[in-house]
Amino acid sequence: MSPRLVPGGTDRVRRRDRPIRLTVDGEPVSGVDGQTIAGVLLAAGRTAWRTDPAGEPRGVFCGIGACFDCVVTVGAERDVRACRRRARDGDEVRTQARAEDR
Ligand code: FES
């Protein structure tokens, strides 16, 4: 998965970017309709958004929904794989810390 975005005006398939806005831990983050939550976070310059039990940073690892390294809370739903969930305008995303697990 690449955080790189092709600007809509230069896209040969004439894709039209529709901007979306979500919040991550209360901070506004902009994205483009069709991106995954992980894509929005990566494009915003965030490469890690939680820590493992040893305190090591985690973000996208597999990018295909297999490793669960990228989990976030979306609204009231915990353990959402950010690499698999398409971002929606108005999503309220919270990063998860190990201390709050279980
Ligand atoms: S990066 Fe592996 S499940 Fe999301």
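**Contacts, burial and a cavity**

Biologist: Leaving aside its neighbours within four places in sequence, which residues is Arg-50 in contact with?

Modeller: This is a predicted model, in which local features need pLDDT of at least 70, side-chain atom pairs count only at pLDDT 80 or more, and totals for chains, interfaces and linings use all residues. Residues are numbered from 1 along each chain as its sequence is written, and side-chain values use heavy atoms, with hydrogens and water left out. Contact means heavy atoms within 4.5 Å. With neighbours within four places set aside, the partners of Arg-50 are Glu-56, Pro-57, Arg-58, Phe-68, Asp-69, Cys-70, Val-71 and Gln-96.

Biologist: Is Arg-50 buried or exposed?

Modeller: Buried means under 20% relative accessible area, exposed over 50%, and partly exposed in between (1.4 Å probe, protein chains only). Because its relative accessibility is 12%, Arg-50 counts as buried.

Biologist: Which residue has its backbone oxygen 2.8 Å from a polar atom of the side chain of Arg-50?

Modeller: Arg-50 has several contact partners, including Asp-69 and Cys-70. The backbone oxygen that lies 2.8 Å from a polar atom of the Arg-50 side chain belongs to Asp-69.

Biologist: How many charged residues are in the lining of the largest cavity?

Modeller: Among the residues that line the largest cavity are Phe-68, Cys-70 and Cys-83. Asp, Glu, Lys and Arg count as charged, Ala, Val, Leu, Ile, Met, Phe, Trp, Tyr, Cys and Pro as nonpolar, and the others, Gly among them, as polar. The lining divides into eight nonpolar and two polar residues, and the number charged is none.

Technical notes:
A polar contact is a pair of N or O atoms within 3.5 Å; within protein, one must be able to donate a hydrogen and the other to accept it, and residues adjacent in sequence count only if both atoms are side-chain atoms. On a 1 Å grid over the protein atoms alone, a cavity is a set of points where a 1.4 Å probe fits but cannot get out, and a pocket is an open set with protein on both sides within 12 Å along at least five of seven lines; lining residues have an atom within 4 Å of a point.
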